[in-house]
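Subject: Handing over the structure

Hello,

Here is the structure I promised to pass on to you. Please have a look at it first, and then read my notes below.

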Amino acid sequence: MDKHTTWAAVLAAAMLAACGGSGDDAPVPAPSGTPQLRLTVTATEDFPGRYGEVGAYEKLTGTLAGEVDPKDPKNAVIQDLALAPVNARGMVEYSADFVLLKPKDMSKASGVLRYDAPNRGNILTMVDPAATPSDAVYLERGYVLLYSAWQGDVPKSTPARLTVTVPVARNADGSSITGPYRTELVPGAATPAMALPGGVFNGTMIPYAPASLDNTLPGYSLTRRVNETDARELIPASDWKFADCGAAAPFPGTADGGKVCLKGGFDPRYLYELVYVAKDPKVMGVGLAALRDTVSFFRKAAADSAGSANPLAGRITHAIGQGTSQSGNAMKTFLHLGFNQALDGGKVFDGIYAHVAARQTNINTRFAVPGGGGGLRTDHTAFGQTAPRGLAADYVDDVSGRQGGVMKRCAATGTCPKFFLGLSGTEFWQLQGSPVLTDAYGLRDLAQPDNARIYYYASTQHGGAGGTASIAYAPARNVYPAGTVVHFNDTFRALFIALEDWVVRGTEPPASQVPRVADGTLVRPAQLVFPAMRGLTWPVGGVQTAIPAFDYLARYNGFALLDFGPQYVPQDESGIATQLPPFYTGRDYAILVPQVDPSTGLARAGIHGVEARAPLGTSIEFNYVATPGIVDLSNLTGSFIPFHATEAARIAAGDTRPSLESLYGTQAGYVAAVTAAADRLVAERFLLQRDAQLRIQQAAQANVLP
């Protein structure tokens, strides 16, 4: 019997002993003090392909119905858990969707369970070797891949969307709990009505219903302004209603608590802010407990409470969690609130990779908004901005006076994982990323914990395929061609393998790669010095269209210290927000950004991918909205301004960057530069050999120079 089987047997015996049985007995109901969990597999299907010695995979789809004990101290942090309904056993119930990819022959599994957190219910990082051949590396290494829901306001709008059902908090007499709620309505075009919940990032989630459709009551208001810093203009209550309206049903329309109808319609030039009294808050924090217990079950249990076998029983030795963007923020919140301590006291995850995740997620307040975001004009004062950015347990926030970082709780319980944080350029410009690297005033670099690495993907935007084919130019929407040729997709893949090596084999990963105050690579936005970039074109609808000369405006999303009221717990992004919109305290955190090379405009510090080491132009980490009168950054989007092909063209245009001709001479010179860059990145462990070969092949097929 191997060690995995022994561990599974111990767990099975413990479960049966708790139920009063033995290994030969039929399962019996657990006592009232033991949270139960029941596995239901609704579909099992073959997963396409064969993967090295591991062979074939299969895909399991199903649900886990579980319980949370409101009296367990490990759950005490969950907002409103004491107000959630309980079953006859005194437990709070949930049900979570999951998808599992596993080797058909589990004896070929490596022992690594990789959990990928869905983003607003969507599996952004679904391993799909048919679409991305390099992703086969995870299956060839014998990973088991788990995707399970954690966010309780996701609608089941498509079969592929993963949802978790969490309870609604109630008053002791069973009546509805009510409280203030705020959202932004941002029309993309003129429209008579807009659906709730609103918000650029959160708009497809299940809304909180208004306590009353009477918008003349105290606590209800609709305002508008052009830019976030403008004074709010109050719209009379007589001019808007909770209703659906349009040509067939003009204002005031048909009463509907899920929509807002505006007399004269919503104007896309304006930003609208709606505040109302909402009812029936979901106990969203139960989603984090569901995640904790789901991963713990698949990692450790022999069977569920009914005796149904865990399909991974005895084969998992290590678990690594990953989240991208919003779900990466959620993984940080999971860690910060102490959920990496399993119910048995051990670790849930041995490693966590929070990818392009500068903030935390607002999942543990009353009327929580887990799907919210942040920006210069929209969602500028949204939730998600009060929890600490610093990682270290002893982090000190000098602006707020609070102490303790993301790892404070796990350090106290001995359950901190190996931790990677990945940052694109967008995290600095739009999502307030620099405070994780410096003190609150931006004067000195922070020392990071020994169990953490931070990697800055230089000259990248928040996502996208990268490469010149990904660049699109819509001059009416963005000032410059949108997108960055430089990307982090290859880097992420290599770093995930490095995290596995650290967790499983103890192999130290590459050192953190970040801009720093001390060496001048992390600076105030006003200190950036870009080269002259002018005289270029980009195709729009098949027609070469002039790109405006680059004009750096130093726009970025600032970071104010906000006050959401006395019942809010800002250091935990928890509690009850009673002040909406929040008060501005008059204090601000410093926002710093990566300094650029004045000769190319590319970022100086960080991990420079192949496309940054052998560039075809300048990938800029931000873009500007082209709409006249609106002061904003293009949402999560960078820019690309190509180099001139020849020295003669560059000089004639007055562009101070190098030309392709001066950099590479010929097409063969470009291929040689890509090859050298790829080889160096492989040696540095920031690129897998399979991805290096792909980039070299693509360079050889490109038509860069004669």
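The largest pocket has a volume of about 820 Å³. A pocket here is an open set of points on a 1 Å grid over the protein atoms alone, where a 1.4 Å probe fits, with protein on both sides within 12 Å along at least five of seven lines. Grid points are joined across faces, edges and corners, and the volume is the space filled by probe spheres set on them. Please keep in mind that this is a predicted model: local features need pLDDT of at least 70, side-chain atom pairs count only at pLDDT 80 or more, and totals for chains, interfaces and linings use all residues. Residues are numbered from 1 along each chain as its sequence is written, and side-chain values use heavy atoms, with hydrogens and water left out.

What lines the largest pocket? The lining is made of 38 residues, and Gly-467, Thr-468, Val-485, Leu-616 and Tyr-670 lie nearest the centre; a lining residue has an atom within 4 Å of a point. Elements that give two or more residues to this lining include α7 (489–505), β22 (537–540) and α11 (667–684). The most comes from α12, with 5 residues. Helices (H or I, at least four residues) and strands (E, at least two) are DSSP runs, numbered from the N terminus. By type, the lining divides into 21 nonpolar, 12 polar and 5 charged residues, where Ala, Val, Leu, Ile, Met, Phe, Trp, Tyr, Cys and Pro count as nonpolar, Asp, Glu, Lys and Arg as charged, and the others, Gly among them, as polar.

Next, the disulfides, meaning pairs of cysteine sulfur atoms within 2.5 Å. In one of them, the sulfur atoms of Cys-245 and Cys-261 are 2.0 Å apart. Cys-245 sits in the loop between β12 (243–244) and β13 (254–255) and Cys-261 in strand β14 (residues 259–266), so the link ties together parts 16 residues apart in sequence. Both of these cysteines are buried, that is, under 20% relative accessible area with a 1.4 Å probe and protein chains only (over 50% is exposed, in between is partly exposed). Cys-410 is joined to Cys-416, S to S 1.9 Å. This link is right-handed, with 85° about the S-S bond.

Glu-184 stands opposite Glu-273, and Ser-221 stands opposite Val-275.

Finally, there are 40 aromatic pairs: rings of Phe, Tyr and Trp (its six-membered ring) with centres within 6.5 Å, called stacked with planes under 30 degrees apart, edge-to-face over 60 and tilted for the rest. Phe-530 and Tyr-552 have ring centres 5.2 Å apart and planes at 50°, so the pair is tilted. Both Phe-530 and Tyr-552 are buried. The rings of Tyr-552 and Phe-622 are 5.9 Å apart at their centres with planes at 45°, so this pair is tilted. One aromatic cluster includes Tyr-138, Phe-492 and Trp-502.

Enjoy exploring!

Best wishes

Methods:
Pairing = 2+ DSSP bridges.
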